[in-house]
Amino acid sequence: ACLSRARDAAQGRSHSSVRVITVEVDAMHAMIARCLLAFAGLTHSVEVLTGHSEDVLPWAINLLQDHGGVDMLFLDQRGSRYESDLDLLERAHALNDGAVIVADNVLKPGAPLFLWQVTR
């Protein structure tokens, strides 16, 4: 479903206008994602980075800024990392004005620091 939505979003736009950068900690999952993206014809729009967010994000911020920043951020990992990852992106000014932030697992197991940060 996510791939079909991403493909639908990319249709009608130039290849450079839709850019997705995703971070996957597991190398096997990253390889599967790359294969699915190739099958869906989205390799021009999506880059799959492999590693932990605390290791990959500092490098990825340069890539994000080169592509105009972040308009939508989806966090789906341990909730304990959300606050520090968002803080890093905010300090680097990588989030565009009006950026939408979506996070999974904020109630269970919970991410109280992240929830406080996004409500202030």
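Asn105 has a relative accessible area of 26% and therefore counts as partly exposed; buried means under 20%, exposed over 50%, and partly exposed in between (1.4 Å probe, protein chains only). Asn105 lies in the loop between β4 and α5 (106–110), where helices (H or I, at least four residues) and strands (E, at least two) are DSSP runs numbered from the N terminus. Its phi is positive, about 65 degrees, although Asn105 is not a glycine. Most residues other than glycine have a negative phi.

The model is predicted: local features need pLDDT of at least 70, side-chain atom pairs count only at pLDDT 80 or more, and totals for chains, interfaces and linings use all residues. Residues are numbered from 1 along each chain as its sequence is written, and side-chain values use heavy atoms, with hydrogens and water left out.

His93 is another residue other than glycine with a positive phi, near 55 degrees. His93 sits in the loop between α4 and β4 (95–103) and is exposed, because its relative accessibility is 68%.

Helix α3 (residues 53–66) has 14 residues, which at 1.5 Å a residue should span 20 Å; the expected span is 1.5 Å times one less than the number of residues. The end C-alpha atoms of α3 are 19 Å apart, which agrees. In α3, Ser53, Val56, Leu57, Ala60, Ile61, Leu63 and Leu64 are buried. The buried residues of α3 pack against β1 (20–24), β2 (46–50), β3 (70–75) and α4 (79–91), with contact meaning heavy atoms within 4.5 Å. Just after α3, Gly68 has a positive phi of about 95 degrees.
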